[in-house]
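Got a minute to go over how the labels on a model like this come about?

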Amino acid sequence: MKTASPFLELEKGPRVNVIFDGVALSLPQGTNLAAALLAAGVDVFRDTPVSGAPRGPFCMMGACFDCLIEIEGITRQACMIEVTGGLEITRAHRDEALA
Ligand code: FES
């Protein structure tokens with residue numbers, strides 16, 4: 001059952017393994033991916049393509065696009081995705097940012 005806050009359901013249920021930028025993480029299955037990554041200590045989800053400035057989730061409702069990540073080469077909003085086992089996630093625009 002979904003709750004009002006994506007953070008309230010993080011301690012419940014089984015955990016699954018995902019890969020984030022080559023690092024294995026155990027996240028709670030079926031929870032909000034952005035909330036689960038934040039709870040796991042990931043605070044930079046992408047770099048801006050122009051300046052390379054770090055960005056992380058802000059609105060948690062699909063409006064700000066600061067939570068963009070790449071899953072299997074497709075850029076997606078982490079706050080709009082549920083955690084499922086086997087996700088291979090990378091930071092969006094990491095290779096495109098200007099140094
Ligand atoms: S946190 Fe704003 S769109 Fe995902």
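Predicted model: local features only at pLDDT ≥ 70, side-chain atom pairs only at ≥ 80, totals over all residues.

Residues are numbered from 1 along each chain as its sequence is written, and side-chain values use heavy atoms, with hydrogens and water left out.

Q: Why is phenylalanine 45 called buried?
A: Buried means under 20% relative accessible area, exposed over 50%, and partly exposed in between, using a 1.4 Å probe and protein chains only. Phenylalanine 45 comes out at 0%, so the buried label applies. This residue sits in the loop between helix H1 (33-39) and strand E3 (46-47). Helices (H or I, at least four residues) and strands (E, at least two) are DSSP runs, numbered from the N terminus. Phenylalanine 45 is 24 residues from isoleucine 69 in sequence, yet their C-alpha atoms are 6.1 Å apart in space.

Q: What makes arginine 46 buried?
A: Its relative accessible area is 9%, so arginine 46 is buried. You'll find arginine 46 in strand E3.

Q: How do you know that arginine 46 makes a polar contact with the side chain of aspartate 66?
A: A polar contact is a pair of N or O atoms within 3.5 Å; within protein, one must be able to donate a hydrogen and the other to accept it, and residues adjacent in sequence count only if both atoms are side-chain atoms. The side chains of arginine 46 and aspartate 66 make theirs at 2.9 Å. A polar atom of the arginine 46 side chain also lies 3.3 Å from the backbone oxygen of phenylalanine 65.

Q: How do you know that strand E5 (residues 68-71) pairs with E7?
A: Two strands pair if DSSP finds at least two bridges between them. E5 and E7 have 3 bridges and run antiparallel, so they count as a pair. Among the facing residues, isoleucine 71 stands opposite isoleucine 89 in E7, and glutamate 70 has threonine 90 as its bridge partner.

Q: What about strand E1 (residues 15-20) and E7?
A: They pair in the parallel sense over 2 bridges, with isoleucine 19 opposite glutamate 88.

Q: Why is the pairing in the sheet called mixed?
A: Strands can pair either parallel or antiparallel. The open sheet has 5 strands in the order E2-E1-E7-E5-E6; E1 with E7 is parallel, while E5 with E7 is antiparallel.
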